[in-house]
Amino acid sequence: MARKRNLRRRKRTVDAPSLEKDNVKMERNTSSQRNFITVIVLAIAMMLGVVFRQGNSSHEHATTSDFNSPAGDEINEDFSAQVMTYEDFELLDSFEHDDKAFTQGLTYFDGHVYEGTGMHGSSSIKKLGTDFSSTVLSNDLKEEYFGEGITYYKTPGGKDRFIQLTWREKTAFVYDAETLSLLRSFQYDNFTGEGWGITWDENNSEFIISDGSDFLYIYDTENFEEKRRFKVSAYTDHGSSPIPVTLLNELEFVPSQIDATNDFLLNDRPSSTVLANVWHENFIIEIDLASGVVLRLYDISSLCPQVTGENVLNGISVTGDQDSRMFYITGKLWKKLHKVRLKVT
């Protein structure tokens, strides 16, 4: 059963100055909350559906016309007490996880979970053992690179590969999936100048990429060129104006499925979705790739450790099980990796 919960206003103190990505982003935080107070009050009054916080990622190369969202290199770090509807999840198992790994993304291939890690001097891609706490293979990035999201994909020629983004270096790395040998690197760019999360749409052979904004970008697998983009939005009810969902981070593609719970969006047609976590939040959202609308929210705060810096949720992967609703979940510097089933009611 879906359940109503209050997401209470929280104030976080960042006490890990060595975590430069968090520090740089936090330095840009201003009083932009005033720009959103009208929308927030309206959403609380309506007490229906879901409302997300208004926030702004770092859009260093963007304009208001590009994103149709508040201008400026600002991040809204405030949280509003809002009524939100969450779907249930089932915890299936928990495993030990390397709590020194600054996890930037998970992906799955041929019976193993692969993990991408970040921080200058500590970034890598690695194949985890079946116990999830050991490393079978790894490949480290040079110190000048800050690793971000990773995903498995298959080339148009049928070869198994991994791709890894970087935060601000505008460089992507391609690896052989069997050996983790680096095959090539190339430069890429986007409006924010930052790479965050990436996943692969196996149905259409396309990459889905996040950059911390309220947009998701679709890139060609062969040439890594942007094909299109779409805004991610939530609604307070079926007739309200869309509310942008910002700070989209780690992503995981979910293959096509029949969704009978959102007639106004899907009309019971098959629809692929993507799971995303929102930076510094303890929930996962499920986004319809056809419309960009948030279909479901999953509150996994019971699995998250107390935040003491940047040890936040940032890893989602399929498990390889026939049940497409099973996923592995972990975060930066977490001691545990969890296997869950995300329910649909």
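A residue counts as buried when its relative accessible area is under 20%, as exposed when that area is over 50%, and as partly exposed in between (1.4 Å probe, protein chains only). The structure is a predicted model, in which local features need pLDDT of at least 70 and side-chain atom pairs count only at pLDDT 80 or more, while totals for chains, interfaces and linings use all residues. Residues are numbered from 1 along each chain as its sequence is written, and side-chain values use heavy atoms, with hydrogens and water left out.

**Aromatic pairs**

Y152 counts as buried because its relative accessibility is 15%. W200 is likewise buried, at a relative accessible area of 12%. Rings of Phe, Tyr and Trp (its six-membered ring) pair if their centres lie within 6.5 Å; planes under 30 degrees apart count as stacked, over 60 as edge-to-face and the rest as tilted.

| Pair | Distance of centres | Angle of planes | Class |
|---|---|---|---|
| Y145 and F173 | 5.0 Å | 85° | edge-to-face |
| Y152 and W200 | 6.2 Å | 90° | edge-to-face |

Strands are DSSP runs (E, at least two residues), numbered from the N terminus. Y152 lies in strand 8 and W200 in strand 12, so their pair ties together parts 48 residues apart in sequence. The other pair also links distant parts of the chain: Y145 is in the loop between strand 7 (135–140) and strand 8, and F173 is in strand 10 (residues 171–176), 28 residues apart. Both Y145 and F173 are buried.

**Aromatic cluster**

One aromatic cluster is formed by Y153, F186, Y188, F207, Y219 and F224.

Technical notes
Helix = DSSP H or I, 4+ residues; strand = E, 2+ residues; numbered from the N terminus.
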